[in-house]
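Subject: Structure handover

Hello,

Here is the structure I promised you. Please open it beside this email and follow along.

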Amino acid sequence: MAALANLGILTGVNIGACYYYGSGVKNASRNRERIIKELVGLWAVLKQVSRLVNDERGETSRLETSSRLLALNDILDHCGGEMRSLRAALGGETESHEMGTIEVASEGNVESIEMGRLEAATDDNMESIQAALRGDMKSFLAVLEKHLGHKGGMEALMWPLNEAEFNKTVDGIGKLQGLLMNAMRIDQTHLILEIDTGVKALDEKTAKMIQSVDEAKLHLHSAQLEMLGGLEALKGQSVGIKESIERADRRIGEVAGTIMEIQDGLKAVKEQSTEINHLVKQHKLQEHRREIYKWLGAPDHESKHRNARSMRHDSTGEWFVEGECFQAWREAPRSFLWLHGIPGAGKTILCSTIIDQLSLYCSSNPSLGVAYFYFDFSNKGTQPDAMLRSLIRQLSEQCASAFPALESLFSQSGQGGAHRDPGQEDLMSTLKTIIRSFQAVYIVFDALDECPERSRILIVLREAHGWKLDTLHLLATSRKAGDISKALSGLVSHEVSMDESLVDHDIQGYVSRRVDIEFSMCPAEEKEMVKSTLMKDAHGMFRLVKCQLDVLANCQSASALEEALTHLPKTLYETYDRILEAINEVNRQDALRLLKWLAFSVDTLSTEEALDVIATDPDAKKGPLFDSRRRPWGGPQGILYICSSLVTITSREDSSNEASTGHHDDMVLIPKNRNDQTGTLFRMSGIPAAI
């Protein structure tokens with residue numbers, strides 16, 4: 001760039017020198033004008049090349065041909081020599097002007113160019129000269145005049161060039177000008193081709209971008225078709241493209257939001273999948289447990305407990321569960337408590353209180369277990385096995401570490417669907433293993449005396465006590481029968497007798513609750529009369545009071561109530577007698593038939609089966625043996641209407657109902673030789689006898 005600038009300066013200096021030759025010089029005017037024209041043309045080319053080769057920021061030019069041409073020192077040196085020769089010929093070495101040096105700074109290099117009749121110029125001056133070179137001729141000559149101090153004095157000179165020299169000089173200037181012009185034309189052609197190629201490449205990239213956006217977002221397809229229609233259409237569609245891009249951006253944002261939602265959904269699905277897998281495992285485990293429990297065949301233990309609980313008031317049994325004996329039994333190792341009392345004393349009701357208190361006590365500690373079993377004379381099945389199955393199920397449901405023992409018993413019983421029923425020995429072994437899984441186990445047995453296979457049950461209790469497990473605590477209720485006392489001898493560590501003084505408080509609470517509810521229409525003094533009369537003759541017999549209240553419930557007036565209280569049976573025996581006599585003659589045969597079935601049935605009857613018993617008359621002489629019209633209209637309530645309080649309806653675990661005689665004591669106390677229209681009903685031993 002420095003050599004090019006110096007060449008431009010020399011050209012401009014020669015142009016200026018030519019302007020100073022007067023018109024009187026021979027051949028000066030014509031030749032001067034011609035050489036000035038050639039020099040001006042060369043100067044213009046140099047100016048254009050100077051402007052194009054390097055821009056104002058000093059970046060490398062893309063004019064490859066021109067740059068290579070200027071990089072050839074021979075050409076620039078030759079051109080510079082021609083310009084210096086011309087300058088010398090035009091009077092560049094006169095005595096009135098000294099040689100000067102212009103220092104040119106370009107790209108970090110300094111060149112020294114000798115020029116005649118020029119004063120020294122600073123870097124700032126040279127920058128001004130170079131800037132002027134890229135301007136117009138008039139401005140350039142003014143800068144030269146300002147910085148080089150060249151004025152006048154040329155008129156007296158003679159035109160120094162002869163015709164041959166002039167022609168050679170003009171021809172050289174023309175060739176240099178043509179060479180530079182051709183180089184620029186080549187570079188311009190290359191630039192045009194490069195620009196055209198770039199435009200085409202840009203068009204291809206633009207088309208690909210538009211196509212990509214169109215394929216990805218499906219919103220730029222119409223804009224792309226319109227853009228291909230032409231430049232005017234493209235301009236018209238620019239706004240639409242911008243809107244489409246904005247829509248695409250919004251769509252991308254929506255897609256991004258959707259992706260986030262999908263990711264959140266996938267995360268939720270993963271969590272749900274984990275939860276479902278857990279639920280599936282739990283379901284399979286529950287199905288497996290149900291299969292095992294179904295195979296185990298444990299009887300429903302909750303229905304009898306619910307029925308007993310429904311018959312007590314809030315404070316029933318507090319005297320026992322808060323007493324020292326119960327607390328000591330609960331804490332003592334390998335303890336056995338026997339609670340005995342007279343028939344009808346409310347042992348079963350008290351037992352329900354004990355079970356609930358133990359359940360509450362164990363609920364806060366999963367290592368404590370509680371199980372219970374209500375024996376029932378009406379169930380003629382194998383109650384020892386039923387009891388063991390029930391205890392195993394209850395305890396295995398309370399502790400996860402206890403279930404594998406039952407699972408092992410199930411596996412040992414067979415494979416596939418051919419599982420044999422476990423024997424008593426297997427059940428006892430499994431129960432022992434399960435009890436070992438707990439820190440403490442409390443087992444409650446109600447009404448040992450009601451078990452038809454009492455001897456087997458007592459053997460089971462002795463064997464369980466013989467395990468010598470300090471964590472096992474047993475509690476049993478019954479009448480104080482001789483065989484039971486003998487069997488439990490040596491086992492019992494704690495013993496409680498339900499004396500009249502202990503039970504009367506519970507009976508009083510029960511009476512008060514029923515009287516307040518069932519005699520709510522009676523004056524207060526008559527209520528108190530009922531309460532005091534019943535308590536006076538209760539003598540610790542809960543069952544007696546219940547049956548007497550059932551009799552009094554039929555009174556519909558004060559006089560009827562007073563009459564009933566005056567002639568109220570004094571004993572449970574007389575109370576049952578009154579209930580039997582109160583059965584309507586129309587319903588007496590139906591009641592007798594149902595009571596026989598309830599007494600002799602191996603399993604407890606459902607209410608539907610009890611209704612079918614009433615509808616069946618094996619002694620019928622006319623008509624069918626079974627007639628659905630004999631069924632009571634009230635369904636289960638019709639059964640209670642016919643048999644009064646001798647029959648109870650109990651809800652099962654599966655929401656169905658079953659019918660049974662009111663209590664084992666009912667069967668014991670109904671007389672053997674009651675000879676009236678109903679015939680002999682039952683023997684005193686409690687084993688039913690047919691007429």
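First, a term you will need: a residue is buried when its relative accessible area is under 20%, exposed when over 50%, and partly exposed in between, using a 1.4 Å probe and protein chains only. This is a predicted model, where local features need pLDDT of at least 70, side-chain atom pairs count only at pLDDT 80 or more, and totals for chains, interfaces and linings use all residues. Residues are numbered from 1 along each chain as its sequence is written, and side-chain values use heavy atoms, with hydrogens and water left out.

**Overview**

The protein has 27 helices and 10 strands. Both are DSSP runs numbered from the N terminus: helices are H or I with at least four residues, strands are E with at least two. Of the 691 residues, 45% are buried. Contact means heavy atoms within 4.5 Å. Take the contacts between residues at least 6 apart in sequence: 73% of them join residues at least 24 apart.

**The sheet**

An open sheet is built from 5 strands, in the order β4-β5-β6-β3-β7, and the pairing is parallel. Two strands pair if DSSP finds at least two bridges between them. Which strands stand at the edges? They are β4 (368-374) and β7 (494-497); each has a single partner strand, so one side of each has no neighbour in the sheet. From one strand to the next, the twist averages 10°. Strands β3 (residues 336-340) and β6 (residues 472-478) pair over 5 bridges. One detail to find: F336 has L474 in β6 as its bridge partner.

Helix α14 lies across β4 and β5, at about 150° to β4. For these angles, axes are lines fitted to C-alpha atoms, for helices over the stretch in contact, and angles run from 0 to 180 degrees between N-to-C directions.

**The cores**

A nonpolar core is a set of buried Ala, Val, Leu, Ile, Met, Phe, Trp, Tyr and Cys residues joined through side-chain atoms within 4.5 Å. The largest has 48 residues; M387, L406, I435, F445, L448 and L472 touch the most other members. Helix α14 (residues 383-398) gives the most to this core, with 6 residues. A second, separate core has 44 residues, including F326 and I355.

Back to M387. Leaving out residues up to four places away in sequence, M387 touches F373, F375, F445, I457 and V460.

Q394 is in helix α14 too. Is Q394 buried or exposed? Q394 is buried, with a relative accessible area of 4%. Beyond four places in sequence, Q394 is in contact with H301, V370, A371 and Y372.

**Aromatic pairs**

Rings of Phe, Tyr and Trp (its six-membered ring) pair if their centres lie within 6.5 Å; planes under 30 degrees apart are stacked, over 60 edge-to-face, and the rest tilted. The count comes to 10 aromatic pairs. W295 and F410 form an edge-to-face pair, 5.3 Å centre to centre with 75° between the planes. W295 is in helix α9 (residues 231-296) and F410 in helix α15 (residues 403-412), 115 residues apart. F320 and F326 form a tilted pair, at 5.5 Å and 55°. F320 is buried at 3% relative accessible area, and F326 at 1%. Ring pairs also link W319, F320, F326, W329, Y361 and Y442 into a cluster.

Best wishes
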